[in-house]
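Hi everyone, thanks for coming. Please have the sequence and the model open while I talk, and stop me whenever you like.

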Amino acid sequence: MAHVVVLGAGIGGVAAAIEVREALKKEHKVTAISDLPNFQFTPSNPWLAVNWRKPDELKVPLAPVFKKKNIDFTDVGAKRVHPAENRIELNDGESISYDYLVIATGPKLAFGEIPGLGPHGGHTHSICTLQHAEIASKAWEEFCENPGPIVIGASPAVSCFGPAYEYAMIIVSDLRKRGIRHKVPMTFVTSEPYIGHLGLGGVGDTKGLLESAFRDRDVKWITNAKTTSVEPGVLKCQELNDDGSVKKEHELPFKFAMMMPAFTGIDALMGIEGLVNPRGFVIIDKNQRNPTFKNVFGVGVCVAIPPAEPTPVATGMPKTGYMIESMVTATAHNIAAVINGKEPKEEGTWNAVCLADFGDRGVAFVARPQIPPRNVNWSSQGRWVHWAKVAYEKYFLRKVRNGQSEPVYERYIMKLIGIERLRRVL
Ligand SMILES: Cc1cc2nc3c(=O)[nH]c(=O)nc-3n(C[C@H](O)[C@H](O)[C@H](O)COP(=O)(O)OP(=O)(O)OC[C@H]3O[C@@H](n4cnc5c(N)ncnc54)[C@H](O)[C@@H]3O)c2cc1C
């Protein structure tokens, strides 16, 4: 009998636990370890942060889901992974041993890299976790009573730009609905070299689409922005030239700000030689397997992938839902193969597929492969993107509640995108 442990129960971890369970015979044991009792649907956080969703609508209690699937579950959380001993030390002092480990712990949010950044002791909001979005949602109502300038954007070394764009556009929609948009000057401050770069070198015409969306919504922007500090009501950044020299120093006043932080790996992994890179991301080969500890696999935001290209201010490559789903499926099949004495041969399809909601419409893109030049380099916009994003939320939450392993992107989103592409050609 083999014991497979999945560490982390977010978008990657829940899917990994269920897919590994389904790929293995009953005699094998699967355990999921989280530090939260609930699954939380991160992609809806921008809606939560403007009170278009309630926190409970985005949570699924995990214990009953895993029980139904014959997966052991604890939400005590991991203090430290000991890969040389095949053991995870938990926060309560207990340990869980494994034969195979899937790490799906997502990111640690590196607010500490910039003085004054972040919602705990800093001066900017965050939408990276449901708890942060909930804090932002309360501040948002207060802000709307007494509006002023807003700064939204992405700090140096960010790899997840899409939510910053979504949140900026959703905020504009919400302000327009409330009839107070005219009272709110808005600036988008980003480490990207141009609007729509997205850590991917742009996809199709994301530069044109997103610049035009900002112009339509009267949002100003600063690119190549190296945010250096945030003080109460003021964000300081240096705008760099392409050669890295400073073009302009900015001090931007705000009454409400949200900046995406850079990510690192979580503390329980940081510094483990051979398992993680210097920023704590799990090193994997093309089969999602760690080359040093061959019984350890990684999926989702916690894995190490190189940036698409060098940029004057550092940017990272995003890891989105479609890519995470394909990493999970490859990992489940590879673990089953290894347990059955075979070599792992499944590979994830590392394509970037994204639906960015603007509140009433949105932008979609497909980058295949992620790094240019690409076979598919497509972007589009329209009301259909907003509805596709709402459908993604509903399908995903239903899938988790029912403990299904059905890949949402493969089954629904790619088909929707295919129909939209066809509609444009005809
Ligand atoms: C605001 C936002 C919006 C996004 N929107 C989209 C989108 O629309 N479409 C898209 O494709 N992608 C989107 N992404 C990117 C990506 O899909 C998400 O970040 C996704 O949640 C990543 O999944 P994950 O499983 O890798 O990490 P997470 O979902 O972050 O899951 C990690 C899990 O590990 C747990 N964990 C952490 N530390 C420990 C520990 N020590 N012990 C045990 N458990 C631990 C966490 O509690 C969490 O449950 C978005 C990202 C953000 C931040």
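Let me start in a loop: Pro373 sits between strands S21 and S22. Helices (H or I, at least four residues) and strands (E, at least two) are DSSP runs, numbered from the N terminus. Pro372 and Pro373 are joined by a cis peptide bond, with omega about 0 degrees. The loop between strand S21 (362-368) and strand S22 (376-382) also holds Pro369, and the peptide bond from Arg368 to Pro369 is cis too, with omega near -5 degrees.

A word on what you are looking at. This is a predicted model, in which local features need pLDDT of at least 70, side-chain atom pairs count only at pLDDT 80 or more, and totals for chains, interfaces and linings use all residues. Residues are numbered from 1 along each chain as its sequence is written, and side-chain values use heavy atoms, with hydrogens and water left out. The mean pLDDT of the protein chain (the predictor's confidence in each residue, from 0 to 100) is 95, and 98% of its residues reach 70 or more. For the complex, the predictor gives an ipTM of 0.99 and a pTM of 0.96.

Which residues of H1 and H7 make the contact? First, the geometry: the axes of helix H1 (residues 11-23) and helix H7 (residues 321-339) come within 9 Å and cross at roughly 30 degrees. Axes here are lines fitted to C-alpha atoms, for helices over the stretch in contact, and angles run from 0 to 180 degrees between N-to-C directions. On the H1 side the contact is made by Ile11, Gly12, Ala15, Ala16, Glu19, Val20 and Ala23, and on the H7 side by Ile324, Val328, Thr329, Ala332, Ile335 and Ala336. Contact means heavy atoms within 4.5 Å.

Next, an open sheet: three strands in the order S14-S15-S16, with antiparallel pairing. Its edge strands, S14 (225-231) and S16 (246-253), each pair on one side only. Two strands pair if DSSP finds at least two bridges between them. Strand S15 (residues 234-240) pairs with S16 over seven bridges, and Gln238 stands opposite Glu249 in S16.

One last stop: Ala157 lies in the loop between strand S11 (150-154) and helix H5 (162-178). Its phi is near 70 degrees, a positive value in a residue other than glycine.
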